[in-house]
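Subject: Structure handover: ligand site and a pocket

Hello,

Here is the structure we spoke about.

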Amino acid sequence: RKIRVAVIFGGRSGEHPISCVSAGNVFEALDPGEFEVVPIGITREGRWVLADGDPTRLAIAGRVLPEVTDATGEAVALAADPTVPALRAGDGLSGVDVVFPILHGAYGEDGTVQGLLELAGIPYVGAGVLSSAVSLDKEFTKRLLAAEGVPVVPYAVLRPGMELSEGDKERLGLPVFVKPARGGSSLGITKVTDWAGLDAALAAAREVDPKVLVETAVPGVREVECGVLEGEDGGPPEASVPAEIRVVAAEHDWYDFEAKYLDDASEFDLPPNLPAEVVERVRELSLKAFTALDGAGLARVDFFVTADLEIYFNEINTMPGFTSRSMFPMMWAASGLDYPKLVTRMVRTALARGTGLR
Ligand code: ADP
Ligand code: MG
Ligand code: MG
């Protein structure tokens, strides 16, 4: 019998539409001769719906982004099957062999769905509960990796109700990046070049997460990313060929949401146009971060490189963008694994791993 794969997508975070696009590409990549796909959408309100899984409805149309809804008839909507009653979290999973939770951000990439699947005893693609929770949280990720000797840029953490102290302003300097601790896709992030703009930036970040990071902006930053995959048959994790992202459009000063998905504002060099030893060091640090954070399945590890070729860890994404045009699949394609092979390998690794402590 075929392997039943539930692909869970959409979700409650601001990255909902990106997850839909990724899911559409995953549906197309899973060989129907080997896999039976169960498409499960989660609405922005958190309702689980059995979706129709038509990949053509899960694409970005101009500047309109796809959306899981539980009503039919909306213009660009992935409608639930109206004959099937709305599900509760976890419903729709009986008889499923493995889950691909292609969800970004809170309530998906943060260990919550992973916990549900552990309790249900259903194997799933990607990192486990603790690794997901830590990796989505930019504060705890930095604390743990700094303790391993991985360089991170100076930052301050503002918990709910806290303000940035004068001492921290002096220590961090301007400009700073203000970001939600547990966000993604650059949502809620502001580059602050004058302290007069700090309050508005904090408010924007706190719309995504009550906990906020304020970070020294790396001057003249170059951004380099690397894909990591869990090893096959118990082997060590593997790093892809890294890539450098360059924001080329004049209206975008940094890699914000629009530059990432809408404006064709970015280009990439695969491999980066950097000395071989810098590229190799990025790969080593990616594997170190993956291992130190108990990574499983996959991760994309992102770095800043300074004009002096110093490398700083920026963040890790345990469920990175997974559209056929996203960096993670493209870096693996350049490393010899095309999109369908990559998806198939991740599903098989998850099945072989099973659930429980390892
Ligand atoms: P997200 O998880 O939303 O992608 P990031 O921390 O990666 O959040 O920040 C998004 C983008 O903001 C980065 O890709 C980079 O362009 C810019 N950025 C964030 N922090 C810094 C920093 N300290 N220095 C320079 N640029 C930064
Ligand atoms: Mg991120
Ligand atoms: Mg990022």
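How do the residues of the lining of the second largest pocket divide into nonpolar, polar and charged? Eight are nonpolar, ten polar and ten charged. Bear in mind that this is a predicted model.

More on that pocket. The volume of the second largest pocket is about 660 Å³. Its lining has 28 residues, and those closest to the centre are Glu-230, Gly-295, Ala-296, Arg-353 and Arg-358. The largest share comes from α10, with seven residues.

Now the ligand site. Ligand 1 has 19 residues around it. Lys-138, Lys-179, Ser-186, Glu-215 and Glu-223 come nearest. By class, the shell holds eight nonpolar, five polar and six charged residues.

- Ser-186, through a backbone N or O atom, at 2.6 Å
- Asn-314, through a side-chain N or O atom, at 2.9 Å
- Ser-185, through a backbone N or O atom, at 3.3 Å

On its own, ligand 1 has 540 Å² of accessible area, and the protein covers 97% of that. Strands β6 (176-180), β8 (212-216) and β14 (311-317) each give two or more residues to the shell. Domain 2 (135-151 + 219-318) and domain 3 (155-216) each supply at least three shell residues.

Over to you.

Best wishes

Technical notes:
Residues are numbered from 1 along each chain as its sequence is written. Chains are lettered from A and ligands numbered from 1 in the order in which they are written. This is a predicted model: local features need pLDDT of at least 70, side-chain atom pairs count only at pLDDT 80 or more; totals for chains, interfaces and linings use all residues. Side-chain values use heavy atoms; hydrogens and water are left out. A residue is near a molecule or strand if one of its heavy atoms lies within 4 Å of it. A polar contact is a pair of N or O atoms within 3.5 Å; within protein, one must be able to donate a hydrogen and the other to accept it, and residues adjacent in sequence count only if both atoms are side-chain atoms. Accessible areas come from the Shrake-Rupley method with a 1.4 Å probe; for residues, only the protein chains shown count as cover. Helices (H or I, at least four residues) and strands (E, at least two) are DSSP runs, numbered from the N terminus. Ala, Val, Leu, Ile, Met, Phe, Trp, Tyr, Cys and Pro count as nonpolar, Asp, Glu, Lys and Arg as charged, and the others, Gly among them, as polar. Domain bounds come from an automatic or database domain assignment. On a 1 Å grid over the protein atoms alone, a cavity is a set of points where a 1.4 Å probe fits but cannot get out, and a pocket is an open set with protein on both sides within 12 Å along at least five of seven lines; lining residues have an atom within 4 Å of a point. Grid points are joined across faces, edges and corners, and a volume is the space filled by probe spheres set on the points.
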